Amino acid sequence: MKPAPFDYYRPATVEDALAALGTSETAKVLAGGQSLIPAMNFRLSQPDLLVDIGGVEGFDRLDVGPSGVMIGASVTQSRVMASDEVAEAVPGLRQALHHVAHLQIRNRGTVCGSIAHADPAAELPALAIACGATLFLQGPAGERTVDAGDFFLGPFWTDLGEGEIITGVHFPSEPADTVTLMDELAWRSGDFAITGVAAAVATRDGCVSGARLVSFGVSGVPSRMAAAEQAVLGFAPGDDSSALYGAAYEDGGDAVDDIHATAEYRREALGALAVRSVRAALASNGNGTGV
Amino acid sequence: MTLDSPTRINPMIRHRASHIGRAVPRREDRSPLMGRQRYIADLKLPGMLEVAFVRSPEAHARIVSIDTAPALALPGVHAVFTGADLADVDLFPHKILYIQPVRQPVLALDQVRYVGSPYAAVVATDRYVAEDAATLVAAYTEFEPLPTVADLDQALAENAPRLYDDWPDNYLVNFPAEKPEVTQAFEEADHTFSDTYVSQRQTGLPLECRGVLADVHDGYFTVWSSTQSPHIVRTTIAEMTGIPEPRIRVIAPAMGGGFGTKTHIYPEDVVMTWIAGKLGRPVRWLEDRFENLLTGVHARDQRHEVDVAYDDDGTIRAVRCKAICDVGSGEIFMPGTATVFVTGGCLTGGYDLPNMEVHHFCVVTNKTPSGAYRGFGVPEGMFVMERIIDRVARLTGTDPVEIRRRMILQEDQMPYEMHGGGRIDSGSHAKAFERAVEMIGESLELVRARYADDPDVRVGVGYTNYVEPTTPTYHLTTGFWAGGDSATIRVDPDGSVRVGLGTTALGQGTETTAAQLAAESLGLHPDDVTVVMGDTDRAPYGLGAWGSRSAIVMSGSILMAADRLITKARDIAAHLLEAAAEDVVLSDGNFHVSGSDAPTVSWSQVATSAWVRTLDLPRGMEPGLEMTGYFEPPELEHLPDMSGKVNAAASWSNGAHAGVVSVRISTGEIKIEDYVVVHDCGTMINPMIIDGQVHGGVAQGIAGAMYEHFQYDTETARPLFASFMEYLYPTCSEVPAMTVEHFETPSPEQPLGVKGCGEGGTIGPAAVVAGAVDDALADLGVEIKATPVTPSAIREAIREATAGGGER
């Protein structure tokens with residue numbers, strides 16, 4: 001459990017970081033290192049160069065404005081979680097981060113790093129999709145933005161191009177009629193999800209008027225739950241939930257079997273979590289607490 | 001001296017207050033809590049090199065060739081050794097007559113039988129370079145894959161690939177049994193059923209992985225090894241390498257847990273010693289977590305095929321059980337064959353079952369060798385027994401508590417002989433169960449009320465009544481050692497006491513309890529006592545800490561040594577007091593003539609006479625004030641009788657566990673809402689430490705009941721785990737608060753009436769959790785037959801029982 005030899009570089013500017021990444025085909029960006037370093041210790045990942053972006057100017061910004069929250073590439077999960085302003089603007093972030101690993105890991109792990117790593121069972125990619133977040137990327141060809149909904153392509157596979165890095169992510173402020181929350185099943189507190197749902201649920205007159213429901217931990221990529229999003233329209237607190245359950249179960253059609261749970265289990269759990277999340281969102285009645 | 005040893009504190013000692021039975025604070029906690037404990041990873045010697053082992057990536061293969069040249073060419077690499085280089089090291093010994101001999105080499109020579117099997121060792125300036133080189137050795141090794149055997153069914157199939165060419169099949173142990181009275185009971189009973197119960201592959205998971213630092217100087221070897229049994233390591237290294245035993249010193253320094261996994265003698269212990277000798281300089285190997293999961297012994301991989309005969313009224317007439325243990329490749333010393341016999345011998349737990357027949361089998365597969373883990377076969381058997389009882393209760397409509405009441409051992413049945421020959425000398429089985437039922441009944445009502453409004457949640461309760469065999473013979477496990485252990489007590493001129501013990505400390509509080517015992521038996525205070533363990537040059541020969549044996553063997557050997565010391569000390573004191581020895585008593589640490597408080601002679605004065613002012617000794621007395629007691633636990637048997645019965649444990653503690661769980665039907669989520677333990681380990685030396693043993697044991701039992709599971713690919717026999725991402729131990733968030741109460745039924749046979757308490761906590765949870773989940777989901781017809789009981793497994797059971805999924 002020792003990494004193969006590698007070089008280490010800690011640039012001060014994004015330009016230097018990009019230039020360094022351009023010097024090697026196996027170079028990796030080091031942010032919090034909470035996934036990368038274990039992978040290197042197992043020699044599953046053997047980059048010849050680590051570009052540590054912890055010192056890049058501007059990457060530590062955490063700005064809360066009327067439009068939402070801008071989180072720089074080196075901002076830790078703990079810092080986001082601790083900010084009352086963030087919790088006010090995007091309540092789902094703090095609530096979701098409670099599910100992300102443990103305190104010590106969140107102290108080092110970054111929000112952008114988790115998104116870039118794109119573990120299919122991670123919370124933050126799913127939340128970014130549910131919230132309609134925007135990713136800010138910079139690479140050899142310049143800067144661009146990508147909707148979180150278009151960013152995740154497969155297990156540990158994203159739209160990031162060669163030599164490109166995430167410089168920040170923008171979570172829009174939660175609309176007044178919407179509640180964003182996350183629910184998941186993990187065998188132990190702090191584990192990656194066996195099955196999870198990130199939900200942004202809009203209500204009007206006590207009924208669901210629109211929803212972005214995102215599954216994670218179920219298949220190889222966090223996914224919008226098309227059938228459930230359709231079935232949930234008009235759902236009210238007292239309603240029978242079997243249609244919603246059934247639609248969410250259908251959304252889990254590409255669920256995976258692994259050592260922790262069967263595919264069938266994940267589909268059933270997805271159904272149950274979808275119902276649970278929507279009911280919780282309705283119960284909080286758009287007051288923004290989400291929990 | 002005869003083998004007769006005192007079982008009571010010497011009556012000449014008068015204490016103001018007893019040190020036995022008191023919650024004396026643990027003296028060993030300060031260093032680890034301050035981060036100042038010295039584990040093997042903290043030890044460094046001048047010129048020390050680091051070793052990495054090269055381990056098989058194949059589950060079953062022949063080694064065709066190994067090219068070490070590319071690894072040797074790497075800067076910083078000092079040496080690479082393969083099995084062929086260690087030709088002067090003997091194979092691991094085989095000493096048990098009734099099993100297939102394995103006799104594995106320390107480094108695999110021509111065949112590997114599990115992923116992780118060590119076949120070469122790299123020595124380098126640091127671990128980073130060593131691992132770079134190990135990667136190169138692996139890349140330049142040619143394997144010829146062989147057909148694999150991934151589980152019991154594959155191993156026992158007709159024409160199954162064999163792990164050992166010269167064996168007729170894959171049985172390491174093959175002990176069928178048949179009893180005519182069992183056959184008759186099956187004929188006479190109203191009903192019978194057959195079922196299969198499975199417990200999964202787990203391990204003891206020490207916080208500190210293993211490690212070995214070996215040094216050689218002037219032909220004298222010092223081996224620091226994270227082992228529970230330093231003397232046994234010494235004897236085995238000597239036997240295998242030919243190094244004279246007095247020239248080997250094995251030190252087990254501070255240990256971060258062992259849980260049985262560190263009782264085995266691992267290849268690394270021997271290879272590291274050999275490398276130090278070969279290179280003439282210190283070498284260290286630190287096992288990392290990946291290696292520990294892959295190559296520390298596994299355990300509990302058992303399947304039980306049972307037939308049960310019972311009557312309409314819920315009476316269980318007979319159980320027939322085929323206990324089959326998947327012992328992995330079997331390449332471990334001591335072999336992992338004894339646990340299944342313990343499973344069989346303890347299957348009935350705290351119950352009186354009229355007829356039982358157990359067939360014992362150990363089967364080799366291409367998986368990590370299995371061996372010792374806290375509980376040592378008892379949890380697996382208890383899971384089976386309680387499942388049988390719950391099933392009979394359900395089939396006959398009998399109350400699960402009532403059916404247990406009818407079967408549980410009563411005080412007037414003591415001493416009670418179990419079917420396998422275990423002789424339970426005393427206990428509080430029925431009383432403990434009644435108390436557990438009472439305690440859990442109260443919380444059951446509260447939990448039911450808590451979830452009364454949630455139709456998705458069901459609540460259930462489960463029970464178990466177990467016996468915990470303690471201080472077992474090591475002869476049936478090793479074919480060599482037996483059951484004795486030792487204590488050397490020395491009183492120094494300043495009057496303070498040094499106790500050297502053959503047992504070891506791995507976190508269980510032995511230092512504190514040994515000090516209490518020594519203080520009590522010498523009329524001193526625990527603060528006057530220094531305890532030394534885990535060092536073959538500083539402590540007398542002993543078998544180490546395992547099998548919940550330390551309490552009994554320490555009590556016995558300390559009492560023996562103390563008695564001999566006191567006899568001599570009294571003679572010296574009497575001489576100094578100019579009195580007759582039989583008139584001298586010892587109170588509050590001072591010798592004086594009975595009936596008069598003055599003058600007194602202190603331990604310091606006696607010891608000064610014995611060591612320094614020997615001119616003050618009675619004429620002709622040998623100087624010195626150091627005595628050793630070598631204690632063999634009474635009642636302990638080492639070989640079965642003609643009928644196969646053996647009382648393989650010196651004592652039998654008992655306990656009742658009960659737990660309430662809530663189960664969410666839609667997701668299978670399970671929560672232990674309350675857990676109670678009523679525990680009886682005889683005389684308690686330190687109740688606080690016993691509580692800690694129970695708490696930790698229950699946590700490990702919950703690990704087995706709900707979480708930990710080593711899984712293998714059934715096609716390739718490759719492990720599906722590499723880290724704690726796959727192997728899930730419960731954290732403090734998952735282990736519930738629990739209530740522990742004690743009864744104290746002293747053993748009539750063991751010193752001070754102690755029985756031992758290291759493993760009882762682990763025995764209960766699998767049976768309790770499974771019973772409670774069954775109870776919660778009884779109306780759906782769910783029956784749990786395997787551990788771990790995960791949400792996915794619960795949903796599967798609900799689907800099977802309801803043909804679809806039950807309620808959503």
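**Notebook: chains A and B**

I began with the contact of chain A and chain B, which takes 21 residues from chain A and 28 residues from chain B. I count two residues as in contact if their C-beta atoms, placed from the backbone, lie within 7 Å. On the chain A side, H12(A) (263–284) gives the largest share, five residues. That side divides into 12 nonpolar, five polar and four charged residues. Here Ala, Val, Leu, Ile, Met, Phe, Trp, Tyr, Cys and Pro are nonpolar, Asp, Glu, Lys and Arg are charged, and the others, Gly among them, are polar.

This is a predicted model: local features need pLDDT of at least 70, side-chain atom pairs count only at pLDDT 80 or more, and totals for chains, interfaces and linings use all residues. Residues are numbered from 1 along each chain as its sequence is written, and chains are lettered from A and ligands numbered from 1 in the order in which they are written.

Next I looked up the domains of chain B, with bounds from an automatic or database assignment. Domain 2 of chain B spans 40–146 + 204–295, and domain 3 of chain B spans 302–475 + 637–802. Their C-alpha centres lie 35 Å apart. I found 26 residues of domain 2 of chain B in contact with 26 residues of domain 3 of chain B. The domain 2 side holds 14 nonpolar, 10 polar and two charged residues.

Val342(B), Thr343(B) and Gly344(B) in H9(B) meet Val378(B), Glu380(B) and Gly381(B) in H10(B). Two of these contact residues are nonpolar, three polar and one charged.

Conventions. Helix = DSSP H or I, 4+ residues; strand = E, 2+ residues; numbered from the N terminus.
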